[in-house]
Amino acid sequence: MDIIQAKDYTEMSKLAADLLVKHINNTKSPILGLATGSTPIGLYKELVKRYKQSEISFKHVTTFNLDEYVGISRSNPNSYHYFMNDNLWKHIDIDLANVNIPDGMADNLEKECIEYEERIANQPIDIQILGIGLNGHIGFNEPGTSFDSRTHIVELDESTREANSRFFDSLDEVPKQAITMGIETIMKAKKVILLVSGKAKATTLAKLISNEEVTPDFPASVLRKHKDVTIIADEEAREKIKL
Ligand code: PGA
């Protein structure tokens with residue numbers, strides 16, 4: 001795993017945007033894996049800025065998002081569909097026919113998972129953007145998730161629901177389930193860019209890059225087996241590691 005050392009959140013976001021802009025501009029049909037959460041918001045702002053400066057077009061880009069809550073509609077501001085539209089899609093020239101995000105309102109959720117996985121298998125992801133949860137989750141793959149998991153329905157950890165309750169009026173409103181790409185799905189991406197920012201993630205990052213075992217108890221540890229992972233971490237997140 002390579003680590004790019006960013007000074008702060010703004011620089012982390014710019015460095016990630018540099019990598020994506022370069023890839024998009026040099027690739028005929030780029031396929032990106034995208035993430036939600038607080039961490040990638042700065043990256044999306046930077047991509048919008050570069051689009052407005054005519055540095056980049058998204059007309060030929062396809063995207064797959066990592067995950068979506070079960071049981072809240074696309075028009076709900078807490079859905080990841082809404083988040084993506086609000087932070088990125090509505091500001092750029094992407095063809096909405098080419099954006100993919102699991103449908104958490106599907107009548108048949110199992111079928112939705114199988115079909116989502118098939119879509120990714122048919123259009124393999126070039127670069128997957130990831131954040132990391134305090135407990136090492138990637139996507140919504142909580143500790144204990146099998147490394148050979150594909151897109152599936154998850155019961156969210158209480159710690160994850162609590163962490164995400166900041167976006168909802170109350171903890172009760174946070175969905176209990178989500179659909180997420182599996183660990184195997186994420187590992188199939190040709191390249192992974194993991195963004196880590198802030199003091200709160202310092203222990204998690206230290207654990208990730210330590211030589212501890214690769215274990216489903218700490219899902220992100222699987223990334224040590226991926227051949228092309230770039231971590232972009234800011235100073236605060238690197239507080240507990242020596243490079
Ligand atoms: P965050 O979430 O970007 O809001 O910290 C990351 C995650 O839980 O995967």
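Analyst: The exposed residues Lys22 and Asn26 are carried by the face of α1 that is turned away from its buried side, and everything said here refers to a predicted model.

User: Which residues of α1 are buried, and what makes them line one face of the helix?

Analyst: The buried residues of α1 are Met12, Ser13, Ala16, Ala17, Leu20, Val21, His23 and Ile24. When the helix is viewed down its axis, these residues fall within an arc of 165 degrees, and therefore they line one face of α1. As background, an α-helix has 3.6 residues a turn, so residues three or four places apart point the same way. Among the elements that cover the buried residues of α1 are β2 (31-34), α2 (41-52), β6 (127-130), β9 (191-196) and β10 (229-233).

User: How do you know that the span of α1 agrees with what it should be at 1.5 Å a residue?

Analyst: Helix α1 runs over residues 9-26, and at 1.5 Å a residue its 18 residues should span 26 Å; the end C-alpha atoms are 26 Å apart, so the two values agree.

User: What does the corresponding check give for the twelve residues of α2?

Analyst: At 1.5 Å a residue, α2 should span 16 Å, and its end C-alpha atoms are 17 Å apart, which agrees. The buried residues of this helix are Gly42, Leu43, Tyr44, Glu46, Leu47, Val48 and Arg50, and what covers them includes α1, β2, α3, β6 and β9.

User: Why is Leu43 called buried?

Analyst: The cut-off for a buried residue is a relative accessible area under 20%, and Leu43, with a value of 0%, is therefore buried. Leu43 lies in helix α2, and once neighbours within four places in sequence are left aside, its contacts are Ser13, Ala16, Ala17, Leu20, Ile129 and Leu195.

User: Why is α2 called oblique to α3?

Analyst: The axes of α2 and α3 come within 10 Å and cross at roughly 40 degrees. That angle makes α2 oblique to α3, because an angle counts as roughly parallel when it is under 35 degrees and as roughly perpendicular from 65 to 115. Where the two helices meet, Ile41, Tyr44 and Val48 are the residues from α2, while Phe83, Met84 and Asn87 are those from α3.

User: Is His81 buried or exposed, and how do you know?

Analyst: His81 has a relative accessible area of 17%; since the limit for a buried residue is under 20%, His81 counts as buried. This residue lies in helix α3, and apart from neighbours within four places in sequence, His81 is in contact with Glu68, Arg74, Trp89 and Ile101.

User: What makes the aromatic pair of Tyr80 and Phe140 stacked?

Analyst: Searching the whole structure gives six aromatic pairs. In the pair formed by Tyr80 and Phe140, the rings are 6.0 Å centre to centre, with 15 degrees between the planes. Centres must lie within 6.5 Å for rings to pair, and planes under 30 degrees apart count as stacked, hence the label for Tyr80 and Phe140. Both residues are buried, and Tyr80 and Phe140 form one aromatic cluster together with Tyr69 and Phe168.

User: Why does the pair of Tyr80 and Phe140 tie together separate parts of the sequence?

Analyst: Tyr80 lies in helix α3 (residues 80-87), whereas Phe140 is in the loop between β6 and β7 (152-155), so the pair ties together parts that are 60 residues apart in sequence.

User: Why is Met105 called partly exposed?

Analyst: Partly exposed covers the range between the buried limit of 20% and the exposed limit of 50%, and Met105, at 45%, is therefore partly exposed. Met105 sits in the loop between β5 (99-100) and α4 (109-122), where its contacts, leaving aside neighbours within four places in sequence, are Gly71, Ile72 and Ser73.

User: Why is Ser54 called exposed, and what is its phi?

Analyst: Ser54 has a relative accessible area of 65%, and is therefore exposed, the cut-off being over 50%. Its phi is near 60 degrees, a positive value in a residue other than glycine. In general, most residues other than glycine have a negative phi.

Key
Residues are numbered from 1 along each chain as its sequence is written. This is a predicted model: local features need pLDDT of at least 70, side-chain atom pairs count only at pLDDT 80 or more; totals for chains, interfaces and linings use all residues. Side-chain values use heavy atoms; hydrogens and water are left out. Helices (H or I, at least four residues) and strands (E, at least two) are DSSP runs, numbered from the N terminus. The expected span of a helix is 1.5 Å times one less than its number of residues. Buried means under 20% relative accessible area, exposed over 50%, partly exposed in between (1.4 Å probe, protein chains only). The arc is that of the directions from the helix axis to the C-beta atoms. Contact means heavy atoms within 4.5 Å. Rings of Phe, Tyr and Trp (its six-membered ring) pair if their centres lie within 6.5 Å; planes under 30 degrees apart count as stacked, over 60 as edge-to-face and the rest as tilted. Axes are lines fitted to C-alpha atoms, for helices over the stretch in contact, and angles run from 0 to 180 degrees between N-to-C directions. Angles under 35 degrees count as roughly parallel, over 145 as roughly antiparallel, 65 to 115 as roughly perpendicular and the rest as oblique.
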